[in-house]
Amino acid sequence: MEKFAIFDKSCLPKISVKFSKKIYSYDDYKEFENEWLNCYIENNDFYFLFDTTDVGFVNPIYGYYLTSFIEKIKKLKNNLLKFNIIIVDNWYIKQLLFWVFQVQSPVADVYIVEKNVDVNELIENINNNRLV
């Protein structure tokens, strides 16, 4: 069975996360949370590039689980996450993310972009404190 989220740490500090079409089970979702937490182990700053372009319908309960998880991450003593870029190509996923961030503010800045945005240019602008 395909995993819901594949984490690629080969280009640190960027951690790319590619999502599959759906969450197969609660255990699949929990594995996503555990992989996220593992990013803190090396104790180095990082940022996420989340690619949700393949994601279809996600049960809204996972949005609720994500709000609880974000709250848990905020309690970590040293937040190494500098920002998040989320590539979205689906109205439903965009609305679910907006709901999640209204219920629980994000851990770090979030840039929600469409798939036609030049992500490398965006990352450069963020890193150079250019207005985005």
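View 1. The side chains of R130 and E124 meet in a salt bridge at 3.6 Å, N to O. A salt bridge here is a side-chain nitrogen of Lys or Arg within 4 Å of a carboxyl oxygen of Asp or Glu. The search of the whole structure finds eight salt bridges. The model is predicted: local features need pLDDT of at least 70, side-chain atom pairs count only at pLDDT 80 or more, and totals for chains, interfaces and linings use all residues. Residues are numbered from 1 along each chain as its sequence is written, and side-chain values use heavy atoms, with hydrogens and water left out.

**View 2. The salt-bridge network of K18, D51 and D54.** Salt bridges link K18, D51 and D54 in a network. K18 and D51 meet through their side chains at 3.2 Å, N to O. This pair links distant parts of the chain, with K18 in strand β2 and D51 in strand β3, 33 residues apart. Helices (H or I, at least four residues) and strands (E, at least two) are DSSP runs, numbered from the N terminus. The side chains of D54 and K18 form a salt bridge at 3.1 Å, N to O. This pair too links distant parts of the chain: D54 is in the loop between β3 and α2, K18 is in strand β2, and 36 residues separate them. K18 counts as partly exposed at 32% relative accessibility, and D54 counts as partly exposed at 37%.

**View 3. Strand β3 and the burial of its side chains.** Strand β3 covers residues 46-51 and is mostly covered, with six of its six residues buried. F46, F48 and F50 point one way from β3, while Y47, L49 and D51 point the other way.

**View 4. Strand pairing on β3.** Strand β2 (residues 14-19) runs parallel to β3, and five bridges join them; two strands pair if DSSP finds at least two bridges between them. S16 has L49 of β3 as its bridge partner. From β2 the chain crosses through helix α1 (residues 26-38) to β3, and this β-α-β crossover is right-handed. Right-handed means that, with the strands pointing away from the viewer, the path from the first strand over the helix to the second runs clockwise. Strand β4 (residues 81-87) also pairs with β3 in the parallel sense, over five bridges. In β4, I87 is the bridge partner of D51. A right-handed β-α-β unit is made by β3, helix α2 (residues 61-74) and β4.

View 5. I61, Y64, W99 and V103 form a nonpolar patch on the surface, with about 380 Å² of accessible area together. Patches are made of residues with over 30% relative accessible area and no salt bridge; like charges are joined within 9 Å, and nonpolar side chains (Val, Leu, Ile, Met, Phe, Trp, Tyr) within 5 Å. Accessible areas come from the Shrake-Rupley method with a 1.4 Å probe, and for residues only the protein chains shown count as cover. Helices α2 and α3 (91-103) each supply at least two residues of the patch. W99 lies in helix α3 and is partly exposed, with a relative accessible area of 39%.

Technical notes:
Buried < 20%, exposed > 50% of the residue type's maximum accessible area, 1.4 Å probe, protein only.
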